[in-house]
Amino acid sequence: MRKPGSVKALEDLGRVRLSPNFFMRDFLHSEIADFHGIPNIPDDPDLAVTVGKRLCEELLEPLQATFGRLAIRSAYRSPTVNEFGNRNGLSCAVNEVNYAGHIWDRRDKAGHMGATACIVVPWFADRYEAGDDWRALAWWIHDYLPYSSLYFFPKLAAFNLTWHERPERRIDSYITPKGCLTKPGMANHDGLHAEWYEALPALRPGP
């Protein structure tokens with residue numbers, strides 16, 4: 001598939017079904033792109049679709065099946081959009097860091113594929129607002145899903161969720177306690193952490 005060069009071609013890309021409940025169009029919205037008039041279109045749609053399918057099938061579908069509808073805050077960013085965001089202090093890392101992350105259609109420096117989406121789980125956001133600890137959801141995902149990295153944010157307990165073909169299995173947060181919750185080699189990394197998420201529903205496989 002070539003980079004869309006017309007409205008019709010972009011519509012066709014948006015109609016690509018990544019999993020039973022998600023389409024490519026769900027991941028192309030960007031406030032940076034909309035506000036500043038920068039097209040947020042993959043240069044390599046085939047790679048973006050390939051990694052998007054893995055993100056949706058392996059991570060988003062089981063989350064949505066378990067907790068109900070997910071809200072996609074941000075996901076795919078073109079290199080142009082991401083670079084603009086980085087230069088202008090709009091919470092975007094440099095492009096090289098975001099390859100195989102928010103920039104789905106570029107492989108990282110090791111040649112590996114990946115994709116990131118920033119999501120909110122409304123079911124959990126209500127409980128977080130009422131005082132629940134963000135680590136309950138973090139450990140639930142760690143124990144149940146083949147994620148690569150998680151990064152939690154204070155507003156709505158939103159988090160970056162990354163699928164990667166060489167998963168890092170690392171969790172970080174801007175919510176107190178800030179910093180790295182776990183990564184390979186830490187004493188808390190292995191085993192189950194059920195005591196953290198006793199009030200959360202059990203995993204329900206996606207469709």
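Against which elements do the buried residues of α4 pack? I found that they pack against α2 (31-36) and α5 (95-98), where helices are DSSP runs of H or I of at least four residues and strands are E runs of at least two, numbered from the N terminus.

Before going further I noted that this is a predicted model, in which local features need pLDDT of at least 70 and side-chain atom pairs count only at pLDDT 80 or more, while totals for chains, interfaces and linings use all residues. Residues are numbered from 1 along each chain as its sequence is written, and side-chain values use heavy atoms, with hydrogens and water left out.

I then listed the buried residues of helix α4 (residues 79-87), which are Pro-79, Val-81, Asn-82, Phe-84 and Gly-85; buried means under 20% relative accessible area with a 1.4 Å probe, protein chains only. An α-helix has 3.6 residues a turn, so residues three or four places apart point the same way. After α4 I came to Gly-89, whose phi is positive, near 65°.

For the whole protein I counted 7 helices and 8 strands, and of its 207 residues 49% count as buried. The radius of gyration, taken over C-alpha atoms, is 17 Å, which agrees with the value near 17 Å for a compact globule of 207 residues, the rule being 2.2 Å times the number of residues to the power 0.38. Along its principal axes I read a C-alpha trace spanning about 50 × 35 × 35 Å.

Definitions and conventions. Buried means under 20% relative accessible area, exposed over 50%, partly exposed in between (1.4 Å probe, protein chains only). Contact means heavy atoms within 4.5 Å.
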